[in-house]
Amino acid sequence: TIVTLGGEEQEWIHVHIADPTALIHPGHLIAHAAAQQMATIYYATETRNMLPLGMVLDNISLVRRFDSSGPKPANTMTMSCRLGDDGDIVEYKIRPGIVRNIIATPYEVVDQHLSFERPMGGMDSLARLQESKRMSTFIHPFVPTDAELPRYGANKTTLPREAVQTLRRIQELTRRHYDLRVRSGAFTRLLPSIDITINEGANVAKPTYLMQRPVFLQTPHSSPEFSPLVYPKIVSSYSSVVVSPAHTMVAEMMIIAGRVSARFACEHGPGTGGGGMTANSSGVITGERGVPMLFRSQSMPNLDVLGGVAQGLPLGIEGLSVSEAQSARAVWEAVQEQSRRSNGIISAKVFDEVRHMLNPSILSCVPGPHTIMGVTDKYGYTRITSPIRRLDDM
């Protein structure tokens, strides 16, 4: 949600995250069971939830629920912030909360109302995204009918005008924050992603590794005694997660929430008098105080000891001479410049030129920069927005 106080300069964004800890304390039996699994596990044919699915749907998830009195409220941990003109966080708050007026809306409905002005991967319109999903859909072992081919955005659910205005304004603010990260060095490669679903049918035994006989394709002439099972229908199609405006907007909000949480952990904590973590003479937070937190960080490449493009190989980056390409720093700066010109997106070919330079992303008890995300302040970044499916977040 977004709230305006006294003009645009007081616009606050509130990111509401479902809060299972409002019901599950650390010593709870469910908490111990979740610790054994650590995360929700996704298989092609089933999902093993970290938390009991019934409890999640009835009492934790922000998906709209109803009882005899109407919509049921939901517990949240709410990360709030105000962004400056440069897109950085100016003020922030973290508070437990309760939300009631929840509108659960599919991504494809939100995409119908958002701008495609700055497309990801060439998806400059909803029609282009629809065509990409349609042309990339395969259904095995059958030839798909028109009814089976997905039409992304066909859902015509109506949103209140106020909700549409809010979504469009949130998109503008998240772009401001995204631009800040790109200016700070963030880049990502755009690789096509595929969604795969398996519709096994009611007669297919699960789990499949317990089957006592092969699974055969059932036809009208099949003998029931010989072929009692239907062949699973496998559907693969182009994923819109990277290129859809709604998906990219939500992803940026999750990054904002992670930065807010990291800053809160650094600046607060028991026994600190509100002073937060201590820092050394270089301004680097040492972790001697503050709220215990797992920070995600990725240090800058050591460009003084790394090499550039191997001699004799074709250059994947335009504008560099053969001699310049031998310098890791020159290659790195060229990729950064290309990223800034192309909305933070680089091709897989260009990414391969700096892949060997990138340090691994690590978990640490002290904050640090995250190079490829463009998070360069002393507070760092943490993942906290999926407590239903990741124990670390909970």
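Visitor: Okay, Arg 169: buried or exposed?

Guide: Arg 169 is buried, at 16% relative accessible area; buried means under 20%, exposed over 50%, partly exposed in between (1.4 Å probe, protein chains only). Bear in mind this is a predicted model, where local features need pLDDT of at least 70, side-chain atom pairs count only at pLDDT 80 or more, and totals for chains, interfaces and linings use all residues. Residues are numbered from 1 along each chain as its sequence is written, and side-chain values use heavy atoms, with hydrogens and water left out.

Visitor: Which side chain does Arg 169 meet in a salt bridge?

Guide: Glu 172, at 2.5 Å, N to O. A salt bridge here is a side-chain nitrogen of Lys or Arg within 4 Å of a carboxyl oxygen of Asp or Glu. Glu 172 is partly exposed, at 45%. (Helices are DSSP runs of H or I, at least four residues, numbered from the N terminus.)

Visitor: And what does Arg 181 pair with in a salt bridge?

Guide: Glu 252, at 2.8 Å, N to O. Arg 181 sits in helix H5 and Glu 252 in helix H6 (residues 245-267), so the pair ties together parts 71 residues apart in sequence. Both are buried.

Visitor: Switching topic, how many salt bridges does the structure hold?

Guide: 13. Asp 88, Arg 259, Arg 263 and Asp 377 are linked in a network of them.

Technical notes
Helix = DSSP H or I, 4+ residues; strand = E, 2+ residues; numbered from the N terminus.
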